[in-house]
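Hi,

Here is the structure I promised to pass on. Have a look first, and my notes follow below.

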Amino acid sequence: MQGHSPAIPHLARPGRPAVVARTLAELNGPTWGMVELPVRLMWSPNRRFDLGDPDQLLWMYENVLRETTRSEDLRRLVDGRTLRRVWRLLNLPRGVRQAWESRHPGLRTA
């Protein structure tokens, strides 16, 4: 009889599993304006992002997806449609990308 190995979580960084939203539809973050991330998501003194600047939007999403340990952060800061649109442009750790694409296979072809 073969044993089953337990599911191994995708890691955002060593020792910390990536947090993934259940659905992209629940992600109702802002799509324009200025957003300031909490210190727990970004330790830099410059934590404000202008979502009208494509580079700043990508940088903010990368930080949120990589650093969050809370689903609420995802729902409050990330927009599902925007995430799908920019997915291929995001520079993410392999574990974060794999976790999101495992839960949301449509991102692989976004």
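This is a predicted model: local features need pLDDT of at least 70, side-chain atom pairs count only at pLDDT 80 or more; totals for chains, interfaces and linings use all residues.

Which backbone nitrogen does a side-chain oxygen of D53 reach at the start of α1? The backbone nitrogen of D55, to within 2.9 Å.

Residues are numbered from 1 along each chain as its sequence is written, and side-chain values use heavy atoms, with hydrogens and water left out.

The protein has four helices and four strands (DSSP runs, H or I of at least four residues for helices, E of at least two for strands, numbered from the N terminus). The order from the N terminus is β-β-β-β-α-α-α-α. Of the 110 residues, 42% are buried (under 20% relative accessible area; exposed is over 50%, partly exposed in between; 1.4 Å probe, protein chains only). In α1, the buried ones include L57, L58 and Y61.

Now the salt bridges (a side-chain nitrogen of Lys or Arg within 4 Å of a carboxyl oxygen of Asp or Glu): the whole structure has eight. One of them pairs R75 with E26 at 3.1 Å. R75 sits in helix α2 and E26 in the loop between β2 and β3, so this pair ties together parts 49 residues apart in sequence. E26 is buried at 15%, whereas R75 is partly exposed at 32%.

There is also a network linking E36, R47 and R48. E36 meets R47 at 3.2 Å and R48 at 3.9 Å.

Cheers

Definitions and conventions. A polar contact is a pair of N or O atoms within 3.5 Å; within protein, one must be able to donate a hydrogen and the other to accept it, and residues adjacent in sequence count only if both atoms are side-chain atoms.
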